[in-house]
Amino acid sequence: MTRPLRVKFVLPALTEATSPYWRPIKYSLFPPLGLATLAAYLQPDDDAVLVDEHVGAADNPDGAATPDLVVIQVYITNADRAYRLADQYRAKRVFVALGGLHVTSLPDEAAAHADAVFLGPGEHIFPQFLSDFRAGHPAPVYRSTTQRTLTGLPPVRRDLIDRRRYLVPNSLVVTRGCPQHCDFCYKDAFFEGGRSFYTQHVDDALSEIARLPGRHLYFLDDHLLGDRRFAEALFDGMQGMGRVFQGAATVDSILRGDLIERAAAAGLRSLFVGFETLSSLNLSRSNKRQNLGRDYAAVADRLHSLGIMVNGSFVFGMDDDDDDVFRRTVDWALEHGITTATFHVQTPYPGTRLFSRMEADGRILTRDWQLYDTRHVVYQPARLTPRSLKAGYDWAYREFYRWSSIARASMSHGSLKHQAKHFFYAAGWKKLEPMWNLVIRAKQLSAMTPVLEGVLSKSTGARRRPDDARAPRSTPDLPSVPHPGD
Ligand code: B12
Ligand code: SF4
């Protein structure tokens with residue numbers, strides 16, 4: 001095809017607006033970064049549209065401007081929706097390309113709805129496909145194996161993103177994958193056949209950061225501290241840039257060396273930490289070795305002493321979990337001043353070692369992928385019933401985000417500023433839904449980003465001494481946003 005291409009990139013809704021789990025603010029956090037990354041491989045005169053169904057409709061007819069190519073990102077919970085959309089476009093003879101995590105796990109399922117499927121990260125295979133497509137002989141399957149790199153990537157097409165619609169428009173990834181191998185994680189399946197952890201050049205990462213307006217950044221990397229040398233150079237390079245940022249890392253990387261201090265000095269203000277479980281049997285059975293024998297309390301204390309708020313991730317329903325796991329976990333999190341918690345019902349994603357084990361043992365209860373959202377029980381637990389697991393999960397969320405619980409957890413911090421920040425951050429995330437809905441309807445989310453930057457301003461302080469039992473008094477700025485979670 002010699003004329004410029006018309007390409008439509010679509011992220012179908014992960015949860016539909018009719019679901020009881022639909023929370024406009026949760027789905028208006030981040031723009032579709034993966035698709036904006038792929039769009040960068042188009043030529044300057046190609047015409048690209050990026051549709052994020054969380055903030056706008058995907059399936060309005062394209063009228064006269066029917067695209068030549070539709071690129072759809074498929075996660076497990078949006079697979080049904082993605083396939084429906086794909087079928088509609090194929091009925092109109094539009095070429096449909098499907099890729100992403102779920103396509104990589106179940107390529108045969110996806111292939112029934114696509115002209116081409118893509119396995120693994122899209123850099124390298126997507127430009128290869130584009131050149132085949134233009135030449136008129138696209139292949140049905142593209143699999144990323146060798147040549148995985150983040151060197152020399154074209155800049156992400158952020159011009160396709162309507163920044164006003166997102167609270168966190170400045171999301172970015174500077175690494176891909178993770179050096180660990182937890183059995184329940186998507187990571188090994190997605191990166192199978194090639195490198196599973198690699199980084200940008202530090203200078204490229206710093207240039208990308210420098211191009212982003214405002215102060216706030218959110219690193220969506222699985223493990224921002226995963227490569228010590230890279231992270232050191234990144235944080236050193238960010239000193240003096242005046243950024244505040246959030247990210248994710250493992251417990252061992254927080255305890256080791258002085259990387260976390262460097263991150264704090266560069267502007268790290270809140271961190272998503274995969275504690276997952278308080279049981280060492282669960283940890284060893286799920287190959288989460290990096291957590292084994294680590295002092296979780298020391299992790300929380302160290303982060304708090306640096307003024308870094310903690311979003312703790314916890315999984316319920318592993319084989320060593322019984323009815324008491326919910327209370328124990330929530331108590332631990334409140335006692336240790338965890339600011340926001342992301343609780344998950346354990347979910348065996350197809351392609352993972354956890355799924356293979358459960359399937360071999362006949363424990364998979366449903367293949368309705370929409371239920372694989374870590375809020376439903378899709379397998380037979382070992383020491384709980386599906387009903388008690390679901391009830392315990394719901395209880396944990398309610399209990400952790402009660403006003404009295406938020407106050408209790410806030411009080412564990414040493415400084416008033418940190419206490420107040422914690423209180424309003426957690427309350428803002430779970431208690432101000434009507435306010436967020438109003439702001440979203442008025443398309444004014446971007447006006448909240450400077451507020452977010454304000455609340456992420458620096459505060460440090462050791463844990464509260466027992467005699468220092470004052471309630472948070474100042475009323476600081478509005479809440480900020482945790483990493484994906486309910
Ligand atoms: C941002 C994010 C979200 C956003 C998603 C919206 C958005 N705008 O992206 C929000 C907050 C809504 C979210 C929600 C959830 N998320 Co989430 N999320 C992420 C996160 C942190 C970053 C995604 C990202 O931008 N990555 C960076 C870009 C560059 O990579 P990418 O998107 O994968 O795109 C690349 C490839 O996939 C590929 N590609 C993708 N599509 C296509 C299409 C074609 C044609 C081609 C060629 C290539 C291609 O090319 C791209 C470039 O390499 C990932 C973790 C991670 N690091 O990826 C978790 C992750 C995707 N989330 C996960 C989960 C579990 C959830 C939740 C279920 C959790 C929960 N209970 O809340 C919910 C969804 C449930 C639901 N039904 O609502 C899991 C998914 C596990 C799985 N096997 O599916 C992940 C992997 C986290 C983890 N480590 O477990 N999430
Ligand atoms: S540390 Fe996190 S991202 Fe890395 S393999 Fe384990 S669960 Fe996945």
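1. Strand β3 (residues 69-73) pairs with strand β4 (residues 95-99) in the parallel sense, over 5 bridges. Two strands pair if DSSP finds at least two bridges between them. Strands here are DSSP runs (E, at least two residues), as are helices (H or I, at least four), numbered from the N terminus. Within this pair, I72 stands opposite L98 in β4.

2. On provenance: this is a predicted model, in which local features need pLDDT of at least 70, side-chain atom pairs count only at pLDDT 80 or more, and totals for chains, interfaces and linings use all residues. Residues are numbered from 1 along each chain as its sequence is written, with chains lettered from A and ligands numbered from 1 in the order in which they are written.

3. β3 and β4 belong to an open sheet of 6 strands, ordered β2-β1-β3-β4-β5-β6 with parallel pairing. Its edge strands are β2 (47-52) and β6 (141-143), each of which pairs on one side only. Neighbouring strands are turned by 15° against each other on average, direction ignored.

4. Helix α3 (residues 79-91) lies across β1 (6-11), β3 and β4. α3 runs at about 160° to β4. Axes are lines fitted to C-alpha atoms, for helices over the stretch in contact, and angles run from 0 to 180 degrees between N-to-C directions.

5. Ligand 1 is surrounded by 39 residues, and the closest are G34, Q73, T77, G99 and G122. A residue is near a molecule if its C-beta atom, placed from the backbone, lies within 6 Å of it. α2 (33-39), β3 and β4 each give two or more residues to this shell. The largest share, 4 residues, comes from α2. By class, the shell has 23 nonpolar, 11 polar and 5 charged residues. Ala, Val, Leu, Ile, Met, Phe, Trp, Tyr, Cys and Pro count as nonpolar, Asp, Glu, Lys and Arg as charged, and the others, Gly among them, as polar.

6. Around ligand 2 stand C178, Q180, H181, C182, C185, K187, D222, H223, T250 and G274. They divide into 3 nonpolar, 5 polar and 2 charged.

7. Helices α14 (residues 325-335) and α16 (residues 386-400) pack at about 25°, with axes 9 Å apart. That angle makes α14 roughly parallel to α16 (angles under 35 degrees count as such). V325, F326, T329, V330, A333 and L334 of α14 make the contact with G392, W395, A396, E399 and F400 of α16. Contact requires C-beta atoms, placed from the backbone, within 7 Å. These residues divide into 8 nonpolar, 2 polar and 1 charged.

Conventions. Parallel < 35°, antiparallel > 145°, perpendicular 65-115°, else oblique. Contact = placed C-beta atoms within 7 Å.
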